[in-house]
2 protein chains.
Amino acid sequence: MEENVPIRAELIAIGTELLLGTNVDTNSAWISEHLAAIGVGVYLHTSVGDNHARIVDTLRAALERADVVLVTGGLGPTQDDITREAIAEVMGVSMFRDPAQEARIRELFERRKREMPLNNLKQADRPEGSSIIESPFGTAPGLICPVGDKGKVIYAMPGVPREMKVMMESGVLPDLISRSGGVNAVIASRTLRTWGVSESRIAEMVEPRIAALDDAGNPTIAFLAKASEGIFAHGATGEDAQKLLEAEENELRSILGDLVFGTDDIRMEDAVGDLLRKREWTIGVAESVTGGMIASRLTNVLGASDWLRGGVVSYASDVKFDVLDVPEGPVVTPEAAIAMADGVRSVLKTDVGLSVTGVAGPTEQEGQPVGTVYVGIARPDTETISVSLSLAGDRQNVRDLAAINALNELRLRLS
Amino acid sequence: MEENVPIRAELIAIGTELLLGTNVDTNSAWISEHLAAIGVGVYLHTSVGDNHARIVDTLRAALERADVVLVTGGLGPTQDDITREAIAEVMGVSMFRDPAQEARIRELFERRKREMPLNNLKQADRPEGSSIIESPFGTAPGLICPVGDKGKVIYAMPGVPREMKVMMESGVLPDLISRSGGVNAVIASRTLRTWGVSESRIAEMVEPRIAALDDAGNPTIAFLAKASEGIFAHGATGEDAQKLLEAEENELRSILGDLVFGTDDIRMEDAVGDLLRKREWTIGVAESVTGGMIASRLTNVLGASDWLRGGVVSYASDVKFDVLDVPEGPVVTPEAAIAMADGVRSVLKTDVGLSVTGVAGPTEQEGQPVGTVYVGIARPDTETISVSLSLAGDRQNVRDLAAINALNELRLRLS
């Protein structure tokens, strides 16, 4: 491979358990993230079963398209573990038993005072011309396997995430960085997380910016569809990447305004927690329709005990009346939301009270349709207010949306 | 496809976010499990980015090898959503705008009184010759797309797991079952859900039964590895399937006893709700370490208002002292759990009080290591008790396990 030409990678996860659905392949996402961080682009993930012919086909197809192929799984001692043999066939070489690995395995069993099943020595076999990535766990080593005369490489690692991660960091990533010509080809990325309008509305707002960027090609923008939506920007080439991201983030923020609640791993509850911490305010939550979801999201935040005192889940109406001092009467009203927010603020002795009452369905309540939700916000410096929402979806939907929207309404009023 | 010949499937997950590693593909495992249950074998999973040419290549390669291809992702309204166009190219047909879908989308925005961004109408476009799997969420429909003259099919579903799952059950699985030999090949399945011992211990207990069944071949048993573990039994051939399942369920229940908390979609909170309803008891929850997770799980249950009155999230210690009347002092103790359970029972005027206090980490508290959790159970007919748990994992793990174990301890004592 030439210097500074971006490396193309493909990933192959090997194991019939993946195709049966008993295991979720979390390795490929982890590996992809770490390859992106050193500027290696991933073009395809494939999962294939423990079948020699199919593994060989998959490896060959991947090597047609990509410069390097990272394989996980199939390095253990059982009959199903056939990754080594498949790679040897693709390399066009034979297998040999590595005496150093054989000695290591024998010594391992002796030290544990256990008899060694003979098939364990399989793990000392490897293709001619391969080199070793040592396992710190005493299990099968990883392999670096050059293929053909165009500088292409297969990396083979165990499927156990803990073992794979160590070998990525100790063996695969350093090898890839040296092949790519040092640390020059850095790709940095940043996610902007937004809440308040639909994904398609965000797309429309950002469209002119995407069109403007398309000509330059660096940075580029991609959309992520998640529970908490985000906009993805990435930049290329060395020292400039971070600066490009910085500039692009400012550009996008000027378009999106307070729809942006955070970057990268910041969740809505983190954003709210940060704002409370800045004001040195504590919070208590009164939840009816969300039944504890908001409180449990806030307790996700590390260090929440600095500003979260707790909450009251007032699912039954008379818990609202008795515990939160809500006036008897209808409970799906702006007035009830306000009384709940004031009530929890007073019962839990907090600065801020946040409340949610509404109808999750499946049927209407107090003549209000499913999806009607009122949020109450009580705070020390101004009058308690209510915000009314009309949410779409089934019971679970309405509850999820009520929780994130309540947090978002509070965020908008604290920032 | 001929009748009763096993169908070969491949799965393709579409989305650049998968190749960047920002999203883990959990859909493929779920789909594979459900295909296995109806006897459809999965041969390959592929993840590919939002790139027209690469999606087309991947679809063509998959259709070379497989009878049916299940695609997830790329059905949204943004420019990145190009799955529909790629499928049309592979089918060799043009796209058309489905008037019924267009009307549905317009009506949806009108009902929500929101302006419709024009690119939303993209979701009404589909390849000539395709048919629709309706979305119950009002989002883009799934597609059933026949390809060529050999009876091959592409199924396209959204990448959002919740939407994909509904479409699998309402559209894809029934279509596959009818293709695999019509209504005669009825495959019924039942999941037994267990809690309390490890998956490998369950495997050990059930092993003799699996061995006994292996000879007959109907029903068979398969394991599902999930957050809430289960044992999966399925039977084939028409009228007998349900009877076989019934008998097998009884057999397995006699082996597993009260480790089984429910069948199929019954969640732990449903099991607890059923038991409370039978006794005509109400419940209140006092949560510290779980911060509202138990209350919010209980409010998941349809009709929870019959037996759930609410909860107190006593995250700060003095909320425990002030609101729940817990004696001042250490709060991660069996005595505090008992006082919390009694306190919430009295404050919310319920029959049962369930409490959880403990240490989720990242650091120890009151000299107790991370993972120490005490559950308190107060009830009208006997003394309040505490149960101590020692849970493994990180902060999120400990909280999740504390919630489900607390519910399970209550279940065991109510049944």
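The side chains of B:Lys349 and A:Asp322 form a salt bridge, with N and O 3.0 Å apart; a salt bridge is taken as a side-chain nitrogen of Lys or Arg within 4 Å of a carboxyl oxygen of Asp or Glu. The model is predicted, and local features need pLDDT of at least 70, side-chain atom pairs count only at pLDDT 80 or more, and totals for chains, interfaces and linings use all residues. Residues are numbered from 1 along each chain as its sequence is written, chains are lettered from A and ligands numbered from 1 in the order in which they are written, and side-chain values use heavy atoms, with hydrogens and water left out.

Across the interface of chain A and chain B, the rule finds 5 salt bridges. Polar contacts across this interface amount to 25 residue pairs, both residues being at pLDDT 80 or more. A polar contact is a pair of N or O atoms within 3.5 Å; within protein, one must be able to donate a hydrogen and the other to accept it, and residues adjacent in sequence count only if both atoms are side-chain atoms. On the side of chain A that touches chain B, the residues divide into 32 nonpolar, 23 polar and 15 charged. In this division Ala, Val, Leu, Ile, Met, Phe, Trp, Tyr, Cys and Pro count as nonpolar, Asp, Glu, Lys and Arg as charged, and the others, Gly among them, as polar.

Contact (heavy atoms within 4.5 Å) involves 70 residues of chain A and 68 residues of chain B. The area buried between the two chains is about 5400 Å², and carbon and sulfur atoms give 56% of it. Buried area is the accessible area (1.4 Å probe) that two parts lose on being put together, summed over both. A:Leu19, A:Arg309 and A:Tyr315 supply 11% of the area that chain A buries against chain B, more than any other three residues.

Strand pairing also links the chains. Strand S2 (residues 41–48) of chain A pairs with strand S2 (residues 41–48) of chain B in the antiparallel sense, over 5 bridges. Within this pairing, B:Leu44 in S2(B) is the bridge partner of A:Val48. Two strands pair if DSSP finds at least two bridges between them; helices (H or I, at least four residues) and strands (E, at least two) are DSSP runs, numbered from the N terminus.

Over all chains, the count comes to 34 salt bridges. In chain A, the side chains of A:Arg179 and A:Asp175 meet at 2.6 Å, N to O, in a salt bridge. Both residues lie in helix H6 (residues 161–179), 4 residues apart, about one turn of the helix. A:Arg179 is partly exposed, at 26% relative accessible area, whereas A:Asp175 is buried, at 18%. Buried means under 20% relative accessible area, exposed over 50%, and partly exposed in between (1.4 Å probe, protein chains only). Also in chain A, a network of salt bridges links A:Arg267, A:Glu269, A:Asp270 and A:Arg297.

In chain B, B:Glu249 and B:Arg253 form a salt bridge through their side chains (2.8 Å, N to O). These residues are both in helix H8 (residues 240–256) of chain B, 4 residues apart, about one turn of the helix. B:Glu249 is buried, with 12% relative accessibility, and B:Arg253 is partly exposed, with 32%. A further salt bridge joins B:Arg277 to B:Asp306, whose closest N and O atoms are 2.8 Å apart. B:Arg277 belongs to helix H9 (residues 268–279) and B:Asp306 to the loop between helix H10 (293–298) and strand S14 (308–314), so this pair ties together parts 29 residues apart in sequence. B:Arg277 is partly exposed at 39% relative accessibility, and B:Asp306 is exposed at 52%.

Strand S3 (residues 68–72) of chain B is largely enclosed by the rest of the structure, because 5 of its 5 residues are buried. Both faces of S3(B) are covered, with B:Val68, B:Leu70 and B:Thr72 buried on one side and B:Val69 and B:Val71 buried on the other. S3(B) runs parallel to strand S1 (residues 8–14) of chain B, joined by 5 bridges, and B:Glu10 stands opposite B:Val69. Another 5 bridges join S3(B) to the parallel strand S8 (residues 152–157) of chain B, where B:Ile154 stands opposite B:Val69.
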